[in-house]
Amino acid sequence: MSAHAASPARPTETTPASAGRRRWLRILVVVLAIGQPISSLVFDWLSPRDMQSGAEFSPLIPPGAWFAIWGVIIIVSIAWSLAQVRPSTLTDTIGVRDRIALPMAVVYLCFGLWLAAASLGQENPLGLAVFAVIITAHVVAWRRVVAARAEIASWKPFERGLLLVMLGLYSGWTSMAAFLQIATVAQGTGAPVESAWGVTWQLLVLAAAAGVAVAFVVVSRGSIVYAATVTYALIGVGLSTAEAGLTPLWVACVIAVSVVWASVIVIRAVDARRASR
């Protein structure tokens, strides 16, 4: 990215009232982040349905162990929410922490909404609407983070890494999970999985997932964490499709992973060339 593109917007001076609103928004981020494990526990206690996974449920759903990543995502998101509410980070000017507070609050809120939709059944299409909001919020957050690269570069390495890991993990997993939801909704309507048509529609889902992943790589300017998380998800899908005996699908997963990493290399090379001019 060129120096001009990498520069954040000029800091905006705020009034005491505005500073108070920003402070409360950051506190809201903490509350919603902590609400994620609470909503997960509520789902486990009250939902009449258990989450299903693996090839026996759907060829495009990773094995159950793969979903342990949610624990890591939640822990990192809570850590970030606490880091961004520290008094020392509340300045008189609007920074990137303030600019991403609202989209991340939306993401954390939607985690609970997604579980509420899942309690009605994994094939319930309401989950797709929730994922659409989550993906949109992540795009907004990534654009603002990329625009504020210079500001973020001045942070301590731990906090900088915490932000990029949190955003890469969360957006990587949910952008792929949206397509897993599409698969379960399609199966819920009676779509086959083993016939020629079944393989075809699942290939289309994987192609769309790869396309969204490449778009996120572009928006994030080649996030390594994002690409690694997508790879993790697609490896899980590949294992399930291989277990189901659907060779074209696991081959498609290998191709999708290759395309994602090729896009990372291209984007980073382009940005490095621009920066050297």
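Modeller: A cavity, as the word is used here, is a set of grid points where a 1.4 Å probe fits but cannot get out, and the model in which we look for such space is a predicted one.

Biologist: What volume does the largest cavity have?

Modeller: The structure holds 1 cavity of 30 Å³ or more. For the largest cavity, the computed volume is about 80 Å³.

Biologist: Which elements give two or more residues to the lining of the largest cavity?

Modeller: The residues lining the largest cavity are Leu60, Met176, Phe179, Leu180, Val205, Leu206, Ala209, Ala233, Leu234 and Val237. By class this lining has 10 nonpolar residues, with no polar and no charged ones. The elements that give two or more residues to the lining of the largest cavity are helix H7 (157–188), helix H8 (196–219) and helix H9 (224–243).

Biologist: How many nonpolar residues does the contact of H7 with H8 have?

Modeller: From H7 the contact draws on Ser171, Ser175, Met176, Phe179, Ile182, Ala183, Ala186 and Gln187, which meet Trp201, Val205, Ala208, Ala209, Val212, Ala213 and Phe216 in H8. Sorted by class, the contact of H7 with H8 has no charged residues and 3 polar ones, while the number of nonpolar residues is 12.

Biologist: Are H8 and H10 roughly parallel or roughly antiparallel, and is their crossing left-handed or right-handed?

Modeller: H8 and H10 pack with their axes 9 Å apart, at an angle of about 15 degrees. Since angles under 35 degrees count as roughly parallel, H8 and H10 are therefore roughly parallel to each other. As for the hand, the crossing in which H8 passes H10 is right-handed.

Biologist: How many polar residues are in the contact of H8 with H10?

Modeller: On the H8 side the contact includes Val199, Gln202, Leu203 and Leu206, and on the H10 side it includes Pro248, Leu249, Ser263 and Ile267. The contact of H8 with H10 has 17 nonpolar residues and no charged ones, and the number of polar residues is 2.

Biologist: Is H4 oblique or roughly parallel to H7?

Modeller: Helix H4 (residues 96–118) and H7 pack with their axes 13 Å apart, at an angle of about 40 degrees. That angle makes H4, relative to H7, oblique.

Biologist: How many charged residues does the contact of H4 with H7 have?

Modeller: The crossing of H4 and H7 is left-handed. In H4, Arg97, Ile100, Met104, Val107, Tyr108, Phe111 and Trp114 meet Glu159, Leu163, Met166, Leu167, Tyr170 and Gln181 in H7. The residues of this contact divide into 10 nonpolar and 1 polar, and the number of charged ones is 2.

Biologist: Which helix supplies the largest share of the lining of the second largest pocket?

Modeller: The second largest pocket has a volume of about 390 Å³, and among its 19 lining residues the closest to the centre are Arg149, Leu164, Ser220, Arg221 and Arg268. By class, that lining has 11 nonpolar, 3 polar and 5 charged residues. Helix H5 (126–147), helix H6 (149–153), H7, H9 and helix H10 (247–276) each supply at least two residues. The largest share, 4 residues, comes from H10.

How values were computed
Residues numbered from 1 in each chain as written. Predicted model: local features only at pLDDT ≥ 70, side-chain atom pairs only at ≥ 80, totals over all residues. Heavy atoms only, no water. 1 Å grid on protein atoms, 1.4 Å probe; cavity = no way out; pocket = protein on both sides within 12 Å on 5 of 7 lines; lining within 4 Å. Points joined across faces, edges and corners; volume = space filled by probe spheres on them. Nonpolar A, V, L, I, M, F, W, Y, C, P; charged D, E, K, R; others polar. Contact = heavy atoms within 4.5 Å. Axes fitted to C-alpha atoms, helices over the stretch in contact; angles between N-to-C directions. Parallel < 35°, antiparallel > 145°, perpendicular 65-115°, else oblique. Left-handed = near helix turned anticlockwise from the far one by under 90°.
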